[in-house]
Each structure stands twice: as structure tokens, then as C-alpha cells.
Amino acid sequence: MVTNFFLALISAIFIGGVAGYLGSLMITKRMGLVGGPLGHLALPGVALALVYHFNVFLGALLTIVLGGILVWILEIKTKAPMEALTGLVFATGVALGFLILPFSDEHQLEEALVGDITKINFSDTILVIILCTLIFLIIKRIYPKLLLSEICEDLAKSEGIDVKKYNFIYLASIAIIVAQTVRLVGGLLPVALIVIPALTARNISRNLFQYSFGSLIFGVISAILGIFLSQITKFPAGLLIILSGFLIFLVSIILKKS
Amino acid sequence: MKMAGTILKVENLNVKLDDELIICNLSFEVKRGEVLTILGPNGAGKTVLLKTLLGIFPFEGKIEWEKGIKIGYVPQRVPFVKDFPISIEEFFKLKTKDEKEIREVLKLVGFKEGFLKKNLGELSSGQYQRILVAWALIGNPDVLLFDEPTTGIDISGEETIYQLLERLKKEKNLTIILVTHDLSVVFKFSDYVICLNKCPICQGKPKETVTPESLSKLYGQEIKFYEHYHGH
């Protein structure tokens, strides 16, 4: 039990921290609209993985990538507004997810929807650590270019930055991290782990350093709080991580005013 | 460094965005050290022209920059910075890690070093524009492309944005291409003017080119009039 608790804690810290850090770049409406639905696309994959007994991470990654390609094709074919396509993909993803979810097995249903990090084993924890560290290092390296593309695409292009390429790297990183977060918070809520820490950091940061690393730190703190609270209350850790994040966000609003 | 010579040659430039013709049949040349202004009403394709010169939009025709030329771009506005936590220093560091150069360009546009710690959102629009100019100056460009310098707002010290550009031009031997509404800028500051309303209405030296007749063609009439005008 103690080992399980530590594996869960370590995984949660890595996933929560890197998800928060990635979220600090999701600042424009456009990026939020692309990144958000990627999160929702995880649900059908999680359901598939539970039904056919394979790794939920792989299941989520599979449907996120397929769904991402679908959104991309739809956008080219229809030239419809991103908002509309987002709604379409989100609804379809949730509908598909519920269609294949194993309703007869309550525990599996709960795991699919809100996650169960306590089931994570040693090798999965190692995988989490490696993937999260790798993505953190990649994003940290290209952070200035990504941020410039987000702040002012024209300025980035005038600097010869291949905006499409960097956006693609960013979205691919989001996809991998979202697929990781499903262990922690299930198929319905990954977006929360990406969005909440950055919103909190933004409230109390005076500069970019505080903001970007604040997002990471708040992600880590929420993860630790959630895991410990879950240990005490026996509620699912994922839900408590998100609620902890929300409480910290509320505190940040109060601090912002003063 | 070459002192004279053509730095940019544009021939029969046509730009179509989403099947709409934005710029038609534009040809001009810019020599090193010149100031070219692009004058025209809203929606005339001025900003599109700058972005096409920067290589952001696809085009038909020819755009030929001198080999190895370095271009600095000052956009009209940067939408997200106002409420985003980023210091001026960090904004510069998105482009260069060279702190000495950052201090140099900051001084060049008339700010003290302590300014670097300020948040970008705290700046007045005039200060902000200066920071964007300084940002463009990093990397020592030969050419500055400037979209709609705003006049008359915030003069920290006594220098207007045009006096600043005039000084930079002399100190750095800059070639400047700028988009403007402001007629006095065209007369006082520029060597060559293009009146643009999708198609070029007139182009040449400001005093010979910008006349009441050409202005009424540029601002006063419908596109139909131009077609008629070109027909003759």
C-alpha cells in the first residue's frame, strides 16, 4: 500500500506539473480551442482500453491522435469556425465514450470518467517520469518561439519562425500529456489539469518567469494536495486534485486584489 | 556596407487572399537609405503589402530583396501583451539572449535601463510603440518595415516617433518602408510614396505625386472610378 501511494504521488506530481507548464502556453483563444477538445477526445480511448484490457494511456493517445487528425481534416474540408468543429468533436467523443463504456462494472465506469491513479504500477510510473521530463525539456527549449507565435504570429513569422511546425510540436506534447492525465483524472477532466494552474499563476505573476514556473508549481501543489486528501477521504484523487486546484485559484484571485 | 543600390525590387505583384484580390499590379523599387511610404485608405491592402514583403502571404509576381538583407518589422499592434505577465526584458529575450544588445536598443529608442523590469502592460501606447521599434532593431536590420506609426501620442522626452525614425535612419543607415495615413509624414519624411487602394493609384516623389487630384482618387471615389481612370 505504501509503495502504491508513493508511485501515485510521484506520477501525480510529474503529470500535474508538466500539464500546468504546458497550460501556460494555452493563452490565445485559438490555441485553447484546439487544445481543449484534444482533452475531451481521450474518453473513447479510455473506454476502449478498459473494455479490451490494455493500457489506458495508449487508448487515450490513440483516440486523441485520431480525433486530432479528424479535426484537422474537417477544418480544411469545411473551413468552418473552430468553435463549431470543437463542439462537434467534443460531443461525438463523449457520445462514443458512453456508448462503449462498461456500465455494468461500476468501478470501471468510475475509472474511465474520473481516473484511478492508485492502480499505477512501477513500470508505468517510470514511463510517466520519462515522458513528462522529456516533454518538459522540449517545451522549455522552444518556449520563447511558441510564446512569440502565440502573442503575435506575424512577428514570429517575420523572424522566420515556422509557426505551424512549433504549433504542431506543442499540440503533440499536449496530446501525450493529456493521455497521461487520464490515469489521474479520467477521460472527462484532463483539460482542468492544463488550464487551472496557468489561470492561477496568471493572477499573481508579474513576469513571464513567475507565470510559467508558477503554472508548473501550482500543478504540482494541486497534485500533492489531491493525493493526500484522497488518502484521507478515500474519494478519487483526480477529483480532489482538480478541486484543490480550484481552491488555490480562488486564493489567487483574493491575492490579486490586494 | 553598400551605400547605394537597389535593396528591394517588386514587379507585377498580385496578392490574393481567400480568392479576393487584395493587391494588384504593383511594381516599385527601394534604394538603400530611402524612406518609402505607402499611403491609402483602410482596407487598401497596405498591411497586406508589408506582410507579403515579409514573406508571410503568398503572391504572384516578383519580390526581390538584396541578398543577405536583414529586415526588422514593427507591427501595428500586438494584441495579447496588454494583460499578459511579461516584463520588457523578457519580451526582448524572446528574440535574443544578448543582454548588451537589449540595453543598446533600449537606449537607442530613448529609454533608461531600469525600464527593462517594467511589465509590458504598464506602458502607454506611445512607449509601447517605441519598445516594438527597439525590438525590431535587435539583430541590426538593414530595413525597417513599420505598420502605421501612431502620431501625437506620448512623447517621452521631446522626440516624436518620426524624429526617432529620422535619427535611426541616420545613425544606422536604415532603409524604411512605412504604412501611414498621415500626409505630413509623406511630405516631410519620405523620398518615395505609393498611393495604394488595391491597385496603385499613383507613385513617385511625394511633392510631384501627392496632389489634390491624386488624393481624391485615392480616398474619394469608388473602385469603378479607378478602372475608368486606368482605361484611359
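A polar contact is a pair of N or O atoms within 3.5 Å; within protein, one atom must be able to donate a hydrogen and the other to accept it. In this predicted model, six residue pairs are in polar contact between chain A and chain B, counting pairs with both residues at pLDDT 80 or more. Of the elements of chain A that touch chain B, α7(A) gives the largest share, five residues. The elements that supply two or more residues to this side of chain A are α7, α8 and α11, listed here with their residue ranges.

| Element of chain A | Residues |
|---|---|
| α7 | 122-151 |
| α8 | 153-158 |
| α11 | 208-233 |

The interface can also be described by its contacts and its area. In contact terms, 21 residues of chain A meet 21 residues of chain B. The size of an interface is often given as the accessible area lost when the parts come together. Here about 2,000 Å² is buried between chain A and chain B, and carbon and sulfur atoms give 70% of that area. Three residues, A:Ile151, A:Asp154 and A:Leu155, supply 29% of the area that chain A buries against chain B, more than any other three residues.

Charged side chains also take part. Three salt bridges are found across the interface of chain A and chain B. A salt bridge joins the side chains of A:Asp154 and B:Lys51, with 2.5 Å from N to O.

A separate feature is a nonpolar surface patch of about 490 Å², made by A:Val65, A:Ile69, A:Trp72, A:Ile73 and A:Ile76. Within this group, A:Ile73 lies in helix α4 of chain A, which covers residues 56-78.

Key: Residues are numbered from 1 along each chain as its sequence is written. Chains are lettered from A and ligands numbered from 1 in the order in which they are written. Side-chain values use heavy atoms; hydrogens and water are left out. Patches are made of residues with over 30% relative accessible area and no salt bridge: like charges are joined within 9 Å, nonpolar side chains (Val, Leu, Ile, Met, Phe, Trp, Tyr) within 5 Å. Accessible areas come from the Shrake-Rupley method with a 1.4 Å probe; for residues, only the protein chains shown count as cover. A salt bridge is a side-chain nitrogen of Lys or Arg within 4 Å of a carboxyl oxygen of Asp or Glu. Helices (H or I, at least four residues) and strands (E, at least two) are DSSP runs, numbered from the N terminus. Contact means heavy atoms within 4.5 Å. Buried area is the accessible area (1.4 Å probe) that two parts lose on being put together, summed over both. A polar contact is a pair of N or O atoms within 3.5 Å; within protein, one must be able to donate a hydrogen and the other to accept it, and residues adjacent in sequence count only if both atoms are side-chain atoms.
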